[in-house]
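Cover its strands, its helices and its charged pairs.

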Amino acid sequence: MKLTPEQLITLHGFNNLTKSLSFNMYDVCYTKTKEEREAYIEYIDEQYNSDRLTGILQSVTDIIGAHVLNIAKQDYIPQGASVTFLISEGPVEEAPTESFEQSPGPLPKSVVMHLNKSHITVHTYPEYHPDEGISTFRADVDVSTCGEISPLKALNYLIHSFDTDIMTIDYRVRGFTRDIHGHKLFIDHDISSIQNYIPDQIKSMYDMIDVNVYQENIFHTKCKLKQFDLNNYLFGYTKDKLGPGEEQEITEQLKMEMDEIFYGKNMSVGSIGQGSKE
């Protein structure tokens, strides 16, 4: 793509801005017995083991056009996994047109971008409530790049890579670079919200809250799935197998769990209907 003179900014040396995307997702499940909880944890560990996570991060690397320098991965006992990619600048022969636009970003395909001395990490955290039958899976993905292209280009793919009830997404641009006159640039692209990089179809599925600090180039978006189907939260059976009163009780427990995660605080039973999925 050939930029117009108005779009071009000639830098003094390399673009030194650091752009960091933190993608935090939660999957909530009702597990009635100890055996169900253990089976759910085992299922999650298998679904999101270090090999599967390595594949996800490899696709992220392809999307942002990086070279992998080193991979460290580990499966933990009793549960959880971590993967870290050390990545370096990818060759930029011809940047695609969409790389200069605010867009949802691609699903897995080859997109060549520009970055240097960066990293991508993922950590998983399966856990369960000791008494009330709630199990929660959390995954944290961090994509940090240096250069002119934002890691937000990988966000659309990450959303599609996990079964997500709640997402907490952070994006921050740090440092500065200079133009040829020595003038500092603290950000090199327009952004009003992380939602600019989430497809409309995905946004329609979630309730969203933004907390942005524009003067510090800090952007924060929280998302909670709108639709609630109890069958999607029962592990190994459907709601027609529940006894009298169980459906309402389990629904309240699940919505309480999701509300507390979304709002980041413990909530009383009386407040469960406020902002819950309907």
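## The β4–β5 hairpin

Five residues lie between the strands in the hairpin of β4 and β5, and Gly133 takes a positive phi there, near 80 degrees. Strands here are DSSP runs of E with at least two residues, helices are runs of H or I with at least four, and both are numbered from the N terminus. This is a predicted model: local features need pLDDT of at least 70, side-chain atom pairs count only at pLDDT 80 or more, and totals for chains, interfaces and linings use all residues. Residues are numbered from 1 along each chain as its sequence is written, and side-chain values use heavy atoms, with hydrogens and water left out.

Strand β4 covers residues 118-128 and pairs with β5 in the antiparallel sense over ten bridges. Two strands pair if DSSP finds at least two bridges between them. Thr124 stands opposite Ala139 in β5.

β5 spans residues 134-146. Eleven of its 13 residues are buried, so the strand is mostly covered. Buried means under 20% relative accessible area, exposed means over 50%, and partly exposed lies in between (1.4 Å probe, protein chains only).

β5 also pairs with strand β1, residues 18-30. The two run antiparallel and are joined by 13 bridges. Here Asp27 stands opposite Phe137 in β5.

## Strands β2 and β3

Strand β3 holds residues 81-88. Six of its eight residues are buried, so the rest of the structure largely encloses it. Strand β2 (residues 67-75) pairs with β3 in the antiparallel sense, over eight bridges. In that pairing, Ala72 stands opposite Thr84.

The hairpin of β2 and β3 has five residues between its strands. Gly80 takes a positive phi near 100 degrees in this hairpin. β3 also runs antiparallel to β4, with six bridges joining them. Thr84 stands opposite Thr121 in β4.

## Helix α5 and Glu257

Helix α5 runs over residues 246-263 and contains Glu257. Its 18 residues should span 26 Å at 1.5 Å a residue, and the end C-alpha atoms are 26 Å apart, which agrees. The expected span is 1.5 Å times one less than the number of residues. The helix is mostly covered, with 13 of its 18 residues buried. Just after α5, Gly264 takes a positive phi of about 70 degrees.

Glu257 is buried yet has no salt bridge. A salt bridge needs a side-chain nitrogen of Lys or Arg within 4 Å of a carboxyl oxygen of Asp or Glu. The nearest side chain of opposite charge is Arg138, 10 Å away. For charge, Lys and Arg count as positive, Asp and Glu as negative; His and the chain ends are not counted. Glu257 does make a side-chain polar contact of 3.0 Å with Thr136. A polar contact is a pair of N or O atoms within 3.5 Å; within protein, one must be able to donate a hydrogen and the other to accept it, and residues adjacent in sequence count only if both atoms are side-chain atoms. Leaving out residues up to four places away in sequence, Glu257 touches Val28, Glu127, Ile134 and Thr136. Contact means heavy atoms within 4.5 Å.

## Helix α3 and Ser161

Ser161 lies in helix α3, residues 155-161. It counts as buried, at 9% relative accessibility. Ser161 touches Tyr48, Arg52 and Ile56, again not counting residues up to four places away in sequence. Ser161 and Leu53 are 108 residues apart in sequence, and their C-alpha atoms are 9.6 Å apart in space.

## Salt bridges

Side chains of opposite charge can pair when their charged atoms come close. The structure holds seven salt bridges. One of them joins Lys19 and Asp188, at 2.9 Å from N to O. This pair links distant parts of the chain: Lys19 is in strand β1, Asp188 is in the loop between β8 (184-185) and α4 (200-203), and they are 169 residues apart. Lys19 is buried, with a relative accessible area of 0%. Asp188 is partly exposed, at 27%.

Arg138 forms a salt bridge with Asp140, and their closest N and O atoms are 2.6 Å apart. Arg138 is partly exposed at 24% relative accessibility, while Asp140 is buried at 15%. Lys203 forms a salt bridge with Asp200, with closest N and O atoms 3.5 Å apart. These two residues are three apart in helix α4, so about one helical turn separates them. Lys203 is partly exposed at 24% relative accessibility, and Asp200 is exposed at 61%.
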